[in-house]
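Here are a few friendly notes to read alongside the structure. Keep the 3D view open and look for each part as it comes up.

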Amino acid sequence: MKLAVIALIPEMLTAVRNYGVIGRAFERGLAELTVINPRDFAFDRHSTVDDRPYGGGPGMVLKAEPVIAAVDHAKEQVGEGAVVIHCSPRGVPLSQAHLSRWIADGKPLIFLASRYEGVDQRAIDLRVDEEVCVGDFVVSGGELPVMMVLDALIRLLPGVLGDESSKNDESFVDGLLEYPQYTRPETVMNLSVPEVLVSGDHRKIALWRQTQARLVTEKRRPDLLAERKKTVLETDNRLESGNDPKSRKFHE
Ligand SMILES: C[S@@+](CC[C@H](N)C(=O)[O-])C[C@H]1O[C@@H](n2cnc3c(N)ncnc32)[C@H](O)[C@@H]1O
């Protein structure tokens, strides 16, 4: 998959590029990454990329022209049809569904990480296709959010994970959080592994895991359960009206 990142601190991207399972994906050519610094596209002799906000107020704003030029350069690097994604607290909440869609579409992706108070809205209006937010909090620059998105995306690419089935059995995939996990030894500081997990009864283990997943989701993320229910209802309605050839995704 062809990827580009536009960032004012390109060095930060080495953390996602060089380590672990994602680093190996780059080594094996499953993903290619170009990192572009908008400062290289500033046209004054001080390479200025920020200026004060119109209307006043604190902080600085990333200027439109260097960002637009950097996006155009990124498009030349990754090829036509690229989708431009801005990581921003003002974006829609990022979910596993975004990642699956981007992978299924198979287009090159360009991620824009801004800094300061954000980027001049005209660069967004003219060049950005989607804006995503990685959580209801503000970090000081877009590099970390972009790195999170890259990691979450690349691990879903075919061939990246050792065991492909692991990505079908984890939090968010089926609208639930994952059940608790345990490994050896069987007892740690008087706390034992739930008996069912050492029973060898695979049917009982599956049932226990399903119940645990539901309980933790109910407690921590009731919004996910509500969304899951809505999906089932919508799919049932489509099936009843004969409009959906796909089988039902979630079984209650
Ligand atoms: C200090 S923040 C700007 C916050 C902006 N003034 C606001 O209130 O929405 C600088 C940059 O960090 C990135 N950023 C910060 N928090 C983020 C989040 N939760 N999700 C995605 N990107 C984020 C964005 O690229 C943002 O433009």
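1. Eight helices and nine strands make up the secondary structure of the chain. Keep in mind that this is a predicted model. Along its principal axes, the C-alpha trace spans about 70 × 55 × 40 Å.

2. Next, look at how the chain is divided. The domain assignment gives domain 1, residues 2–154, and domain 2, residues 169–240. Their C-alpha centres are 34 Å apart.

3. How much of the chain is buried? Of its 252 residues, 24% count as buried.

4. Helix α6 deserves a careful look. This helix covers residues 143–154, and its 12 residues reach 16 Å from the first C-alpha to the last, close to the 16 Å expected at 1.5 Å a residue. Its buried residues are Glu143, Pro145, Val146, Met147, Val149, Leu150, Leu153 and Ile154. They pack against the strands β1, β5 and β6 and the helices α1, α2 and α4.

5. In soluble globular proteins, nonpolar side chains tend to be buried together. Here the largest nonpolar core has 42 residues, of which Ile6, Ile110, Phe111, Leu112 and Val146 touch the most other members. The most residues in this core, six, come from α6. Leaving out residues up to four places away in sequence, Val146 touches Val5, Ala7, Cys87, Phe111 and Ala113.

6. Which residues are closest to the ligand? They are Cys87, Pro89, Ser114, Gly142 and Pro145, among 19 residues that surround the ligand. Strand β5, residues 83–93, provides the largest share of this shell, with four residues. By class, the shell contains nine nonpolar, seven polar and three charged residues.

7. Finally, check some backbone details. Most residues other than glycine have a negative phi, and most peptide bonds are trans. Ser47, in the loop between β2 and β3, has a positive phi of about 55 degrees. Asn190 counts as exposed because it has 5 C-beta neighbours inside 10 Å. The peptide bond from Arg184 to Pro185 is cis, with omega near 5 degrees, and Pro185 sits in the loop between α6 and β8.

Note on methods: Residues numbered from 1 in each chain as written. Predicted model: local features only at pLDDT ≥ 70, side-chain atom pairs only at ≥ 80, totals over all residues. Near = placed C-beta within 6 Å. Helix = DSSP H or I, 4+ residues; strand = E, 2+ residues; numbered from the N terminus. Nonpolar A, V, L, I, M, F, W, Y, C, P; charged D, E, K, R; others polar. Expected span 1.5 Å × (residues − 1). Buried ≥ 20, exposed ≤ 12 C-beta atoms within 10 Å, placed from the backbone. Contact = placed C-beta atoms within 7 Å. Domains from an automatic or database assignment. Core = buried A, V, L, I, M, F, W, Y, C linked by C-beta atoms within 7 Å.
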